[in-house]
Amino acid sequence: MTVKVAINGYGTIGKRVADAVAAQDDMRVVGVAKRRPTYEVRTALAKGYPFYTVTEENRADFKKRGLEVAGLLPEMIEAADIVVDCTPEDVGAENKPLYAKAGRPVIYQGGEEAEVAEASFNAAANYSEAWGKRAVRVVSCNTTGLCRTLFPLYRELGIEDVFAVMVRRAVDPQDAKKGPVNAITPALKVPTHHGPDVRTVIHDLPIQTMAVVVPSTLMHLHAVAVRLKKDVTAKDVLALWERTPRVRLVDGGEEVKSTSHVMELARELGRPRSDMYEIVVWRDGTSVSGRRLYYYQAVHQESDVVPENVDAIRSMLKSEDDGRKSIARTDKAMGIPAPRA
Ligand code: NAD
């Protein structure tokens, strides 16, 4: 069966989700929707995605620019088996009645409150929790990053507690309007919301977080300290992550020394839009002292959540009951290397 997928909101996340869905052999993009007739509409039409607009006014704007419109948003939702909502923060919740009216299952993104959906999702950590659900939220880029590396530690070694500091990029690269341009801004409501957000997926993980925003657009960087329940070496932990999907180990000594080098690596790998879907962990920045594990990881905010959306579709529509198989299938189609067996 080919699942018909519609994507509402065609920005940073939506355009990547559309391409990831189109790359799967069990899914098809039946439409994408967006409000304004930007240059991205032309590239989407060139890829063969039917384009829908939100209002009649939007449709007129598109037509003025000679952009072909397949219809209005409710028609796109009707045409789909499932909708992936990729609209800006809080707009997803406003769209909820639209999806309910059409009776279509929906995936929301991490900018929405957890309450918008029946479950929050990370494929490796809780694939089965989305099974057959009508509304699921793929957690944010930072929460996805923390779940990817913490879940295998939690499952295999046990975790006493986690403390993580998130050094966050200011805005996405194309967002020319916001800053900071020359400041470091601490998140003053401490601990930050990221810890509770991780617990929407790994429910009993004792984790506290703090965050600062820095003048960079490329990636987030996390500094993480974990107290483990077992005695292990850094080598054991690295071997565990090597067997974990969507985690990539790099060496600073081999000159992947910063987030800009990670982005350059993504370009060298020939990744579309220079995306780095994996969470990147520095081998030589990982150490164990007693039962304390310390590590750094880089999170490509524009793309790490994208394969998670594909897996959420399979779990919600009950088309693959084994999460690991879904992850392997998604990753193969997207060119993400398989973990070591
Ligand atoms: P974006 O602003 O880049 O894209 C949003 C898109 O939705 C735009 O195409 C916009 O035209 C369209 N849109 C706006 N209002 C709409 C409406 N009412 N109906 C339909 N389309 C509408 O946003 P984004 O960065 O892609 O974020 C989308 C969601 O993903 C948010 O929940 C965000 O928190 C989450 N998220 C973002 C990132 C990131 O770093 N960009 C990472 C992970 C998760």
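These legends describe close-up views of a predicted model.

View 1. The domain assignment of the protein chain gives two domains. Domain 1 is made of 3-139 + 305-334. Domain 2 runs over 141-299. Taken over C-alpha atoms, the domain centres are 26 Å apart. The contact draws 25 residues from domain 1 and 20 residues from domain 2.

**View 2. The interface of domain 1 and domain 2.** About 1,900 Å² is buried between domain 1 and domain 2. Carbon and sulfur atoms account for 48% of that area. On the domain 1 side, Arg16, Ala125 and Val139 lose the most area to domain 2. Together these residues make up 24% of what that side buries. Seven salt bridges are found across the interface.

**View 3. The salt bridge of Arg246 and Asp311.** Arg246 pairs with Asp311 in a salt bridge. The closest N and O atoms are 2.7 Å apart.

**View 4. The aromatic pair of Phe151 and Tyr154.** The whole structure holds six aromatic pairs. Phe151 and Tyr154 form one that is tilted. The ring centres of Phe151 and Tyr154 are 5.9 Å apart, with 35° between the planes. Both residues belong to helix H7 (residues 141-156). Phe151 and Tyr154 are three residues apart there, so about one helical turn separates them. Phe151 is buried because its relative accessible area is 11%, under the 20% limit. Tyr154, at 27% relative accessibility, counts as partly exposed.

**View 5. The aromatic pair of Trp241 and Tyr295.** Trp241 and Tyr295 form an edge-to-face pair. Their ring centres are 4.6 Å apart, with 65° between the planes. This pair links distant parts of the chain. Trp241 sits in helix H9 (residues 234-242) and Tyr295 in strand E16 (residues 292-299), 54 residues apart. Trp241 and Tyr295 are both buried.

**View 6. Helix H3 and its buried side.** Helix H3 covers residues 56-64, and its residues Asn58, Arg59 and Phe62 are buried. These three lie on the same side of H3 because they cover an arc of only 100° around the axis. Elements covering the buried residues include helix H2 (39-46), strand E3 (51-53), strand E4 (71-72) and helix H4 (73-79). The face of H3 turned away from the buried side carries exposed Glu57, Lys63 and Lys64. Just after H3, Gly66 takes a positive phi of about 75°.

**View 7. A cluster of rings.** Tyr10, Phe51 and Phe62 are linked into a cluster by ring pairs. Phe62 is also one of the buried residues in helix H3.

How values were computed: Residues are numbered from 1 along each chain as its sequence is written. This is a predicted model: local features need pLDDT of at least 70, side-chain atom pairs count only at pLDDT 80 or more; totals for chains, interfaces and linings use all residues. Side-chain values use heavy atoms; hydrogens and water are left out. Rings of Phe, Tyr and Trp (its six-membered ring) pair if their centres lie within 6.5 Å; planes under 30 degrees apart count as stacked, over 60 as edge-to-face and the rest as tilted. Helices (H or I, at least four residues) and strands (E, at least two) are DSSP runs, numbered from the N terminus. Buried means under 20% relative accessible area, exposed over 50%, partly exposed in between (1.4 Å probe, protein chains only). The arc is that of the directions from the helix axis to the C-beta atoms. Contact means heavy atoms within 4.5 Å. Domain bounds come from an automatic or database domain assignment. Buried area is the accessible area (1.4 Å probe) that two parts lose on being put together, summed over both. A salt bridge is a side-chain nitrogen of Lys or Arg within 4 Å of a carboxyl oxygen of Asp or Glu.
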